[in-house]
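Hi,

Here is the structure I promised to pass on.

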Amino acid sequence: MAERLDQPKGKRTSLRERILPRRRNDDSFGRASEGIARFMGTPRFLVYMTIFCVVWLVWNTWGPESLRFDSVAIGFTLLTLMLSLQASYSAPLILLAQNRQDDRDRVSAEQDRQRAERNLADTEFLAREMAALRIALGEVATRDFVRSELRNLLEEIEAGREAAERDAAGREAAERGADGAAVDRAAREAALRDLTGDSEG
């Protein structure tokens with residue numbers, strides 16, 4: 001069937017991608033290899049392997065001759081082959097699991113570095129903000145400063161009131177003195193008139 005020209009050309013997939021879809025199989029195989037490598041590093045695996053080897057050796061040494069499948073005479077060649085095969089597969093599986101762990105550690109280290117950079121930037125920002133607040137608070141009047149200014153103002157008001165009261169008292173005394181002097185003058189004038197009137201009479 002001829003390809004249509006009014007539709008975009010589809011992505012060509014290779015034979016390998018058709019047989020083995022890449023990313024999904026890589027992840028599942030990597031997880032399986034990590035599980036196997038993790039199990040091989042446990043004491044349980046050592047116990048199972050020891051039990052397997054002991055049973056193999058006992059069966060092929062003292063078991064019925066017709067049912068033995070690995071000969072003692074040729075040095076348990078089949079067991080040696082199986083253990084070599086197991087070692088040859090376990091080493092790449094362990095290396096694959098280690099590579100995946102290295103990748104995870106690299107990503108985790110990168111995330112830790114980015115988090116540390118963000119924390120440093122936040123700390124520097126907070127330090128700058130606190131310095132700006134300290135400078136702004138240095139220009140703001142504090143409670144003690146306002147109290148001292150109000151106290152000085154009250155003292156000035158009291159001093160002005162006392163001066164005004166002294167001035168008013170001085171004026172009253174002066175007015176009283178002026179009134180007394182006028183009365184004395186009027187009394188003297190009246191006395192003089194009386195004296196002059198008597199002398200004329």
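Glu34 sits in helix α2, which covers residues 22–40. Keep in mind that this is a predicted model. The relative accessible area of Glu34 is 8%, and because the cut-off for buried is under 20%, this glutamate counts as buried. So what does Glu34 touch, leaving aside residues up to four places away in sequence? The contacts are Ala97, Arg100, Gln101 and Arg104.

Now the aromatics. There are 4 aromatic pairs in the structure. One of them joins Phe39 and Phe45 in an edge-to-face arrangement, with 5.7 Å from centre to centre and 75° between the planes. Phe39 also pairs with Tyr48: here the ring centres are 6.3 Å apart and the planes meet at 40°, so this pair is tilted. The label follows from the angle, because a pair counts as edge-to-face over 60 degrees and as stacked under 30.

Taken as a group, Phe39, Phe45 and Tyr48 make up one aromatic cluster. Phe39 has a relative accessible area of 32%, so it is partly exposed. Tyr48 is partly exposed too, with 47% relative accessibility.

That's what I have so far. Have a look when you get a minute.

Cheers

Methods:
Residues numbered from 1 in each chain as written. Predicted model: local features only at pLDDT ≥ 70, side-chain atom pairs only at ≥ 80, totals over all residues. Heavy atoms only, no water. Helix = DSSP H or I, 4+ residues; strand = E, 2+ residues; numbered from the N terminus. Buried < 20%, exposed > 50% of the residue type's maximum accessible area, 1.4 Å probe, protein only. Contact = heavy atoms within 4.5 Å. Phe/Tyr/Trp six-rings, centres within 6.5 Å; stacked < 30°, edge-to-face > 60°.
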